[in-house]
Every structure is written in structure tokens, then in C-alpha cells.
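Please look through the structure shown below, and then follow the explanation from one group of residues to the next.

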Amino acid sequence: MAVSSSPILSPFGVNIISADFGSSSTGLPRFNFCSIQRNNRRQSPVIVLSSKSSKESWSEAKRVLMEQYGFNPDEALSEPSPNKRKKELKEAGKDKQISPKEPKPPRTTHKLLTVLGGKARRMKLLSPKGMDVRPMMEVVKGAAFDILQAAGGCPASLRPGRWLDLYSGTGSVGIEAISRGCSEVHFVEMDPWVVSDVLRPNLEWTGFLDVSVIHTVRVEKFIERAKQLAGKEPFDYISVTPPYMEVDYAVLMDQISNSALVGEDTFIVVEYPLRTDMLDSCGCLVKITDRRFGRTHLVIYGPKWAERRRRKKSYFGE
């Protein structure tokens with residue numbers, strides 16, 4: 001037997017010597033164990049092995065040593081090395097296809113809203129199906145306009161002026177305002193789909209598009225840039241109908257009251273949910289009324305002269 005290499009230090013503390021008998025050897029590797037005495041010290045056993053190749057010899061040697069020390073060679077040798085495992089995972093990641101998210105169902109509309117008064121009375125308006133947009137309830141809208149008309153001194157219609165419809169959505173409130181006498185309405189709605197598929201078609205259907213201005217922008221941004229977007233003159237009417245859970249009413253009303261949108265003769269209509277505290281004034285404006293409709297509240301702020309007129313009518317039982 002010819003020894004072809006120097007002893008290899010095994011991880012099990014055993015010296016291994018690999019030898020090759022040539023290509024004529026057809027049997028399994030043979031192992032010889034021996035102990036070498038040097039300097040009166042017992043050395044680790046030396047394994048002399050022969051095989052067709054050094055790679056096969058080393059593999060068989062590992063199996064024998066694992067069996068000798070109580071390991072299962074099939075389990076240990078079948079586990080890939082950390083580097084090999086990383087490579088396999090990397091390759092698997094390349095081939096793995098990320099499944100795209102399921103597309104959302106298309107948004108659709110239906111005609112459930114109605115113009116309650118004025119020249120467009122009884123005309124049906126589009127609104128989105130589902131809860132993406134929550135229009136003002138018709139009973140609340142009717143009460144708001146009745147109060148505004150009475151406070152303005154003309155129960156049959158609104159005083160002519162400009163209306164600002166914040167969080168306009170379907171445009172139901174602003175369209176009602178034009179129908180009842182307002183000369184111009186600015187609609188502020190940030191959802192492009194609502195603007196293109198709901199609000200604009202409603203304005204075209206009622207014939208009010210020519211006296212309307214649509215701002216596809218967030219309300220906060222619109223308030224900050226009020227003079228550039230809506231002119232220097234304050235609005236005569238402002239409606240505020242935001243998504244209940246997405247705004248801080250105290251912050252929002254403070255922004256509105258301190259903006260150029262509000263003047264001394266402005267009326268502000270605010271729809272808000274239960275358990276929300278609304279102040280008795282909004283800048284220079286006073287609270288004219290605060291009513292409850294189920295889980296919805298309606299507060300209207302206006303000029304002091306409108307409050308005095310309301311109290312006078314209430315006193316004489318009108």
C-alpha cells in the first residue's frame with residue numbers, strides 16, 4: 001500500500017492518511033487503524049485508506065469515524081454547508097415569482113341622492129356605492145338650508161353669494177346651494193375618481209358646471225392657499241362635511257376661522273359626530289344653532305346680526 005499524503009488532522013481528533021491504489025482497484029475503500037508510540041506518548045490512531053480518488057476516500061473516512069463516535073452519517077452528510085444553503089436560497093429567490101396583489105373591484109355609482117329645492121328640485125344625483133364617500137343625509141341637508149334661508153331673511157331662497165363646499169364628495173351640498181340661489185360654488189375634493197366619475201357628471205347633469213369651480217386638492221392645502229385658489233374675497237357660505245374619523249375638528253375649525261375664507265357675514269355649516277365638542281363661536285362668528293339628527297349633529301355659525309334676528313323671531317313665536 002502506497003501512502004500518498006501526509007497525515008490529515010480529522011475534526012474527531014484522528015489522523016487520516018489517504019492513499020490511491022490506482023484505477024485497477026474496484027472494491028470499497030480499505031481502512032487500517034494503528035497507534036504510533038512516540039516519546040512514550042500515545043498518539044491518535046492513524047487511518048490509512050485507499051480508494052479510486054481522494055475525494056471518495058475522505059467521504060468514506062468521515063462516515064466510518066461518525067459511526068465510530070455514535071453519529072448518524074446519513075443525516076450529518078446530507079445537510080448542506082451554510083454557504084451552499086445560502087446559494088440555494090438565493091437561486092430559489094430568483095426563480096420565485098411574486099404574485100401580484102389582487103386588483104380592487106372597480107368602483108361604481110348609483111343614483112340615490114336628490115336635490116331638495118330650487119330650480120333643480122327632484123333631480124337625482126350620482127353617489128358611490130359603498131362607504132368610500134358619505135354624503136350628508138337629506139334630512140340634515142334640508143334642515144341646514146331651511147335655517148340658512150330663514151337666518152338670511154329670505155325663507156324661499158338663499159341670499160345670492162359664493163359657496164365653498166369643503167370635502168364636497170358627490171357635490172350634493174354645493175349643488176343644492178346653486179339650485180337655491182347661490183351664484184357660484186367652489187368644490188374641494190381630493191379623490192380624482194370621485195371628481196371625474198361622480199362630482200363632474202352631477203354638475204353636468206344639473207347644468208351647473210358653468211358656475212362651478214372644482215379644486216382637486218386636500219382641504220388643508222386649499223385653506224393654506226385660499227387667496228391664490230379662490231380669490232381675496234371671503235365666501236358667503238362654507239359647508240364642512242369631513243369624514244368623521246379622519247379629522248380633528250378643533251384643529252380644522254381653527255384653521256378655517258383664521259383663514260381668508262371667512263368674513264364678518266359668512267355662514268358656516270358643520271356636520272359632526274356624537275361626542276365632539278364644538279365651540280360657541282368660530283372666529284368673529286357666533287353659533288346660531290346646534291341640532292342633533294340621530295348620531296349626526298349639525299352646527300351653524302353666522303354673523304351676530306343673524307343671531308339677533310333668530311332670537312327676535314323666536315321671541316315673537318314666528
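A charge is said to sit over a ring if NZ of Lys or CZ of Arg is within 6 Å of the ring centre and within 35 degrees of the ring normal. In this predicted model, the charged end of R162 sits over the ring of F235, at 4.2 Å from its centre. The charged end of K111 sits over the ring of W205, and here too the distance from the ring centre is 4.2 Å.

From charges over rings we can turn to rings that pair with rings. A pair of aromatic rings is described by the distance of the centres and the angle of the planes. There are four aromatic pairs in the structure. In one of them, the rings of W163 and Y237 have centres 5.1 Å apart and planes at 20°, and because planes under 30 degrees apart count as stacked, this pair is stacked. W163 belongs to strand β9 (residues 162–166), while Y237 belongs to strand β12 (residues 237–240), so the pair ties together parts that are 74 residues apart in sequence. W163 counts as buried at 1% relative accessibility, and Y237 is buried with a relative accessible area of 1%.

Another of the pairs is formed by F267 and W305, whose ring centres lie 6.0 Å apart and whose planes stand at 85°, so the pair is edge-to-face. F267 lies in strand β13 (residues 267–273) and W305 in helix α10 (residues 304–315), so this pair ties together parts that are 38 residues apart in sequence. F267 is buried, with a relative accessible area of 1%, whereas W305 is partly exposed, with a relative accessible area of 28%. Ring pairs link F145, W163, Y237, F267 and W305 into a cluster.

The open sheet has eight strands in the order β11-β10-β9-β12-β13-β16-β15-β14, and the pairing is mixed. Its edge strands are β11 (212–215) and β14 (281–282), each of which pairs on one side only. Within the sheet, β13 and strand β16 (residues 296–302) run antiparallel and are joined by six bridges, and P273 stands opposite T296 in β16. Helix α4 (residues 138–151) lies across β9, β12, β13, β15 (285–293) and β16, and runs at about 20° to β16. Helix α6 (residues 192–206) also packs on the sheet, where it touches β10 (184–188) and β11, and its direction makes about 170° with that of β11.

How many disulfides does the structure hold? The number is zero. A disulfide is a covalent bond between the sulfur atoms of two cysteines. The sulfur of C282 is 8.2 Å from the closest cysteine sulfur, in C284, which is too far for a bond, because the cut-off is 2.5 Å. C282 counts as buried at 3% relative accessibility, whereas C284 is partly exposed, with a relative accessible area of 41%.

Most residues other than glycine have a negative phi. R122, however, has a positive phi, near 75°, and is found in the loop between β7 (109–114) and β8 (124–128). With a relative accessible area of 64%, R122 is exposed. Y167 likewise has a positive phi, near 55°, and its place is in the loop between β9 and α5 (172–179). Is Y167 buried or exposed? Y167 is buried, because its relative accessible area is 15% and buried means under 20%.

Technical notes:
Residues are numbered from 1 along each chain as its sequence is written. This is a predicted model: local features need pLDDT of at least 70, side-chain atom pairs count only at pLDDT 80 or more; totals for chains, interfaces and linings use all residues. Side-chain values use heavy atoms; hydrogens and water are left out. Rings of Phe, Tyr and Trp (its six-membered ring) pair if their centres lie within 6.5 Å; planes under 30 degrees apart count as stacked, over 60 as edge-to-face and the rest as tilted. Helices (H or I, at least four residues) and strands (E, at least two) are DSSP runs, numbered from the N terminus. Buried means under 20% relative accessible area, exposed over 50%, partly exposed in between (1.4 Å probe, protein chains only). Two strands pair if DSSP finds at least two bridges between them. Contact means heavy atoms within 4.5 Å. Axes are lines fitted to C-alpha atoms, for helices over the stretch in contact, and angles run from 0 to 180 degrees between N-to-C directions.
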